[in-house]
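Please read this briefing alongside the sequence and the 3D structure.

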Amino acid sequence: MSATPFDQRDGWIWYDGQLVPWKDAQLHVLSHGLHYGSSVFEGERAYGGEIFKSTEHSERLKKSAEILDFEIPYSVAEIDAAKRLVLEKNGMVDAYLRPVAWRGSEMMGVAAQTNKIHLAIAAWEWPSYFDPAQKMKGIRIDMAEYRRPDPATAPSAAKAAGLYMICTISKHKAERKGYADALMLDWQGRVAECTGANVFFIRDGVVHTPIADCFLDGITRRTVIDLAKRRGFEVAERRIMPDELPSFNECFITGTAAEVTPVSEIGPHKYQPGNMTKVLMDDYSAEVQPKSKAA
């Protein structure tokens, strides 16, 4: 990814219904979303000029806002159209897209029921979340100190900015120790997810993944589960305890940014990226391509 700071790039960002020059897409320092985490977002990818599962992402963005008790003043169809416009205006074919919605600056306090709801959509080139050479060997993952919260204490079904605070802390700590990411447990000490991706394990030809009831049920996660079932692989969505980690043969993570990325280590536990992981990587790569090009 370019080393140019994100506020200094060239291009166009869709902001509250119109395209504005990239450097002019700003908000006030007293915006509620900055101080109180009243912000939701999506991460999406375009392949060959088409945004993968664009409508699913737009629907989730709207739902996330509803969970945070605000309504985005644009329909799903309008959001889909705005994303396509951003791609076209910036002349991009393969890109990462970031829609984000937040409460504005009309009121500054915990309650902000009359604040304006803003929506912005940006797109940029982001080839791979992890170094391509390292990705093929499998990335190394540490164990995170923080846990995903009890869904009775946080809106875990929303892709809400505030829920990523502990993810940033955990990923920073992992990177400083030489790891690429960190695996988080849930509030009861069960395997949950990584800081920005869902996790899968393989043992004896069966794909295992944690039940997504206290963390985001990723769109990529659901896609990979569907691809595995199409292949005839058995998929077990279940509770996974940390003491099971040494018993698995393969491990990989999934997400819009990560796509399907093999894992070689989680703390002291070693994994060998194998055939099933490679098959799912290849199937996902084929799935995201525009159908006319994948045929």
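In which strand does S264 lie? S264 belongs to strand β15, residues 259-266; helices (H or I, at least four residues) and strands (E, at least two) are DSSP runs, numbered from the N terminus. This is a predicted model, in which local features need pLDDT of at least 70 and side-chain atom pairs count only at pLDDT 80 or more, while totals for chains, interfaces and linings use all residues. Residues are numbered from 1 along each chain as its sequence is written, and side-chain values use heavy atoms, with hydrogens and water left out.

**Surroundings of S264**
- S264 is buried, at a relative accessible area of 13%; buried means under 20%, exposed over 50% and partly exposed in between, with a 1.4 Å probe and protein chains only.
- The S264 side chain comes to 3.1 Å from the backbone oxygen of G138.
- With neighbours within four places in sequence set aside, S264 contacts K137, G138, I139, R140, H269, K270 and Y271 (contact means heavy atoms within 4.5 Å).

**Largest nonpolar core**
- The largest nonpolar core has 26 residues, of which W14, V40, F70, I72, I79, L87 and L119 touch the most other members.
- A nonpolar core is a set of buried Ala, Val, Leu, Ile, Met, Phe, Trp, Tyr and Cys residues joined through side-chain atoms within 4.5 Å.
- Two or more residues of this core come from each of α2 (54-67), α3 (76-89), β6 (95-103) and β7 (117-124).
- Domain 1 (6-125) and domain 2 (132-288) each supply at least three residues to this core; the domain bounds come from an automatic or database domain assignment.
- Not counting residues up to four places away in sequence, I72 touches L61, K62, A65, I79, A101, I117 and L119.

**Helix α2**
- α2 has 14 residues and spans 20 Å from its first C-alpha to its last, close to the 20 Å expected at 1.5 Å a residue; the expected span is 1.5 Å times one less than the number of residues.
- Its buried residues are S54, H57, S58, R60, L61, K62, S64 and A65.

- Although D69 is not a glycine, its phi is positive, about 70°.
- D69 is exposed, with a relative accessible area of 59%.
- D16, also a residue other than glycine, has a positive phi near 50°.
- The loop that holds D16 runs between β1 (12-15) and β2 (18-21).

Technical notes: Polar contact = N/O pair within 3.5 Å; in protein donor to acceptor, adjacent residues only side chain to side chain.
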